[in-house]
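Me: I would like to learn how to read helix packing and a strand pair. Could we take the features one by one?

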Amino acid sequence: MQTLLMLMEQHAAFFSFLTAALCSFCFSLPKDLNPLSAFALIFQRIAIKVNLPERNDGYKRLASMLAFSLIFFPIVLIISQLYVVAFKPFIIDLVAIYLLLSWHDKMHVYKQIDNDLQYESLATAKLLLDKLTLRETKPLSQLGTHKAAIESLVLQLTNGWFAVVFWYLATGIYGALFYQLMHICAQQWNCKLPKYNALGKLPSLITSLLQIPVHIVVSFTFALYDKPIKNLFKKFKQGADWHHFSSGLLLSSFGLSTETQLGGVRLYEAQKVTYASIGFDQQPNAEKVSLAIQRISLSAWFWLVCISGYEFLPQILEHFSQ
């Protein structure tokens with residue numbers, strides 16, 4: 001028992017992270033109590049005040065960075081002071097990481113969408129999907145709904161969970177906070193909508209740059225279900241044909257690993273946009289949506305197993321060297 005307590009104390013930061021990650025799988029806060037929802041609402045209200053037609057683009061870009069700074073830096077100050085006064089600082093890490101990770105709330109909706117598609121309740125599935133994606137869902141056919149559900153699932157959970165984990169491990173809690181806030185900001189001021197072309201330009205650019213290493217690592221994780229070396233060139237070629245290389249690589253890798261074709265035509269506020277077809281030459285069905293949920297869940301568990309193995313690698317090596 002004493003040895004176990006010493007081990008937990010020695011790896012307190014890791015156990016805080018692991019506990020937060022596991023909790024993010026099991027339950028989420030109600031929307032009214034979720035700080036991520038509050039940040040999204042704040043950025044929406046800022047856009048109403050700042051994103052006015054009479055304001056020039058330079059003003060909007062400057063306002064976007066000032067607005068982000070006025071939210072980010074006070075939170076950093078609060079967290080830094082909590083570390084000082086907290087009896088066990090690792091508890092601050094545990095709570096902060098859990099609040100930043102977004103898994104259970106979104107996965108719960110995607111499972112409902114999957115259930116509706118299995119029972120051919122297309123209208124209900126599109127209504128639920130509309131809350132998770134920017135594209136117009138009403139005109140979607142059954143095939144279009146399957147594609148939209150899979151693409152949205154992969155991008156939402158990669159950007160809302162894997163990316164937060166990546167930046168927390170790389171830079172600590174402040175880096176994870178910076179990424180998640182910038183990601184929410186870019187989502188609320190999405191440049192796919194013409195009215196946010198100026199206001200959302202810098203947040204979108206910064207978020208895209210931060211997501212590049214995450215998308216590459218996760219795409220190689222998906223490749224473990226496929227033939228990673230054989231299709232490597234194809235994935236990079238398809239990624240280059242997408243509007244953002246890293247997200248194209250990510251979706252291409254996922255599509256090839258599940259033998260599913262993604263991409264195609266979509267509508268954003270009645271604006272028709274055609275993306276390249278990527279992945280496999282087979283159209284998705286309801287079973288592929290279920291498979292996508294299973295694959296991305298297994299990928300998250302794979303990450304946790306690898307992170308745990310790396311954390312305890314010195315002890316493992318020492319044990320076998322004796």
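Me: In which hand does α6 pass α7?

Reply: A crossing is left-handed if the near helix is turned anticlockwise from the far one by less than a right angle, and right-handed if clockwise; in this predicted model, α6 passes α7 in a left-handed crossing. Helices (H or I, at least four residues) and strands (E, at least two) are DSSP runs, numbered from the N terminus. Residues are numbered from 1 along each chain as its sequence is written. Because the model is predicted, local features need pLDDT of at least 70 and side-chain atom pairs pLDDT 80 or more, while totals for chains, interfaces and linings use all residues, and side-chain values use heavy atoms, without hydrogens and water.

Me: At what angle do α6 and α7 pack?

Reply: Axes are lines fitted to C-alpha atoms, for helices over the stretch in contact, and angles run from 0 to 180 degrees between N-to-C directions. Helix α6 (residues 104-118) and helix α7 (residues 122-130) pack at about 160 degrees, with axes 8 Å apart, and are therefore roughly antiparallel (over 145 degrees; under 35 is roughly parallel, 65 to 115 roughly perpendicular, the rest oblique).

Me: How do α8 and α10 cross?

Reply: The axes of α8 (residues 142-171) and α10 (residues 201-223) come within 9 Å and cross at roughly 105 degrees, so these helices are roughly perpendicular to each other.

Me: How many bridges join β1 to β2?

Reply: Two strands pair if DSSP finds at least two bridges between them; seven join β1 to strand β2 (residues 271-279), and the two run antiparallel, with G264 opposite Y275 in β2.
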